[in-house]
Amino acid sequence: MDKYILAIESSCDETSVSIIKNGCEEISTVVLSQMDIHANFGGVVPEIASRNHVKNITLVIEEALKKANMTMNDIDAVAVTYGPGLIGSLLVGLIAAKTLAYAYNKPLVPVHHIAGHIYANNLVKPLEFPLISLVVSGGHTDLIYMKEDYSFERLGGTLDDAVGEAYDKVARVLGIDYPGGPIVDKLAHTGKDTYDLPLPLNDNSYDFSFSGLKSAVINKIHNEKQRGNYIIVENMCTSFQNRVVEILVKKTMKALKEKNVKNLIVAGGVAANNGLRERLTIECEKEGIELTVPEIKYCTDNAAMIGAAGYYAYKLGRRADLELNAKANDKLY
Amino acid sequence: MKYLFLDTSTTNLVVAIVIDGKLSYLKNEPCGQSMSIRLMPVIDEALNNCNVKIEELDKIFVCNGPGSFTGIRIGLTFAKTLAWALSIPVVPISTLEALASGNASMALINARRGYVFAGGYNDLLEPLYDDRYVLLSEINTDLPFVSYDELEVNTNIPKIDVLKIIAKHENDKGINPHLLNPVYLKQTEAEEKLNG
């Protein structure tokens, strides 16, 4: 029997609702992005994000059902991102989901945001196990090993800034408007690797650290300015991006080798980064590894991925009760 | 008629069910940070205690602020989602009016750094001092203060008179749930900085 999940995602600055069939087919998705609002402030302002979520939440739910030509009676379960993310933002989606599940007497399925990013790939083609997933976004940098559906082993992750966060911060010191990550990626393709920057946390662990690299960029800019030199922005972008990509690719390939895994999926907003995609494509071809990267629309935050993950959590019998709370940080399990 | 009354915008979670003009259930529990955990179980308990099915509710009365930004959003997200789901009217009530509903008084909610959200109401719940964000030291009033918060003035604990509130607002038209929004009475700090 077909199962339809209504999924809600509000962990950062996108209010999104999707209806997903059997964990792999997108029936409808609505994403209301607040990016233009937060651009005025040079980054996401949590309180403003929360205020916009509460303003939009029922409109987005209604629109998703309308687009699907369905009513809540056609829905088998309500899935929701309970964390990690901005607590005030998460709470709006969570309370709406709890209310819907309660009012319509539907099961409530809690979904971890990172599980969602990984399962975004299930909307492209079925996941093949075992796999390694590199999750890279403005809020996350994680290496995850999965031996089967909905089994997550976190091998490592960032100890400080998420990779997308480092991109946006470097963009800002280079005078590029928020969100600057995609522009840094673009400029990196036109520049040369002329700046001497360190390869961050180049060790045997699966952890990452990007705040040191970010500081190195800031210091370099400062020093060059003091010497009266101009910064060649595109060269700085190339140098920065090369270090980031090198360490991400190095540790990802190490994980694939050590776990003897032939499937790699990349997820999260930074999966859209061309420098990263190009390097991974080359390395994976060399090693005979199947690389899957979702379409751009599934890379950024959306409820479709929560609906895909939610279906598998639902099938496993994961349920939340009425006390379900939002969690800013929570282990993926 | 079966009504649900709800306030999540202070330190206390308040849930009431009123059936045909009678108070059938009232809970007022200090909740602090666990508002999002407690809200639904208390709603469930309220409906069960009164033998009311959720789809039998005729109207929702919900406090829409001012108060704890996160707290208001919890109650309002619940109220607007439920009102949308059941296609029933939702009536927003000033949180300060609810706090002052026991006796004529000036209701206060701590807004930090010497500021409070303040609103004064008479025994008929008519506003004597419009809801505002103000320095506590600048309030000039003969009304007694009521508040759940520890403040630098003498305050009484609010006695929320749900029946009085509902009697006054029973015939309010209610608003489209999509348009139900918190009354914050204060910009975010980021906006204050941006707007000078």
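Residues are numbered from 1 along each chain as its sequence is written, and chains are lettered from A and ligands numbered from 1 in the order in which they are written. In this predicted model, local features need pLDDT of at least 70 and side-chain atom pairs count only at pLDDT 80 or more, while totals for chains, interfaces and linings use all residues.

**View 1. Overall fold of chain A.** Chain A contains 11 helices and 10 strands; helices (H or I, at least four residues) and strands (E, at least two) are DSSP runs, numbered from the N terminus. The C-alpha trace of chain A spans about 65 × 45 × 30 Å along its principal axes. A compact globule of 333 residues would have a radius of gyration near 20 Å, and chain A agrees with 20 Å; the radius is taken over C-alpha atoms, and the globule rule is 2.2 Å times the number of residues to the power 0.38. Of the 333 residues of chain A, 54% are buried. A residue counts as buried if 20 or more other C-beta atoms, placed from the backbone, lie within 10 Å of its own. Of the contacts in chain A between residues at least 6 apart in sequence, 74% join residues at least 24 apart, a contact being two residues whose C-beta atoms, placed from the backbone, lie within 7 Å.

View 2. Domain 1 of chain A covers 4-119 + 299-315, and domain 2 covers 125-293; the bounds come from an automatic or database domain assignment. Their C-alpha centres lie 27 Å apart. Domain 1 of chain A brings 15 residues to the contact and domain 2 of chain A brings 22 residues. On the domain 1 side, α1 (35-39), α4 (113-119) and α11 (303-315) of chain A each supply at least two residues, with the largest share, 4 residues, from α4(A). That side of domain 1 has 10 nonpolar, 5 polar and no charged residues. Here Ala, Val, Leu, Ile, Met, Phe, Trp, Tyr, Cys and Pro count as nonpolar, Asp, Glu, Lys and Arg as charged, and the others, Gly among them, as polar.

**View 3. Packing of α5 and α6 in chain A.** Helix α5 (residues 163-173) and helix α6 (residues 181-188) of chain A pack with their axes 8 Å apart, at an angle of about 75 degrees. Axes are lines fitted to C-alpha atoms, for helices over the stretch in contact, and angles run from 0 to 180 degrees between N-to-C directions. The angle makes α5(A) roughly perpendicular to α6(A), the term for angles of 65 to 115 degrees. From α5(A), A:G164, A:Y167, A:D168, A:V170 and A:A171 meet A:G181, A:I183 and A:V184 of α6(A). The contact comprises 5 nonpolar, 2 polar and 1 charged residues.

**View 4. Overall fold of chain B.** Chain B has 5 helices and 9 strands, in the order β-β-β-α-β-α-β-α-β-β-β-β-α-α from the N terminus. Its C-alpha trace spans about 45 × 40 × 30 Å along the principal axes. Of the 196 residues of chain B, 44% count as buried.

**View 5. Interface between chain B and chain A.** Here 26 residues of chain B contact 28 residues of chain A. On the chain B side, α1 (35-49), α2 (69-86) and α5 (189-194) of chain B give two or more residues. The most, 13 residues, come from α2(B). The chain B side divides into 16 nonpolar, 7 polar and 3 charged residues.

Key
Angles under 35 degrees count as roughly parallel, over 145 as roughly antiparallel, 65 to 115 as roughly perpendicular and the rest as oblique. A residue is buried if 20 or more other C-beta atoms lie within 10 Å of its own, exposed if 12 or fewer, and partly exposed in between; C-beta atoms are placed from the backbone.
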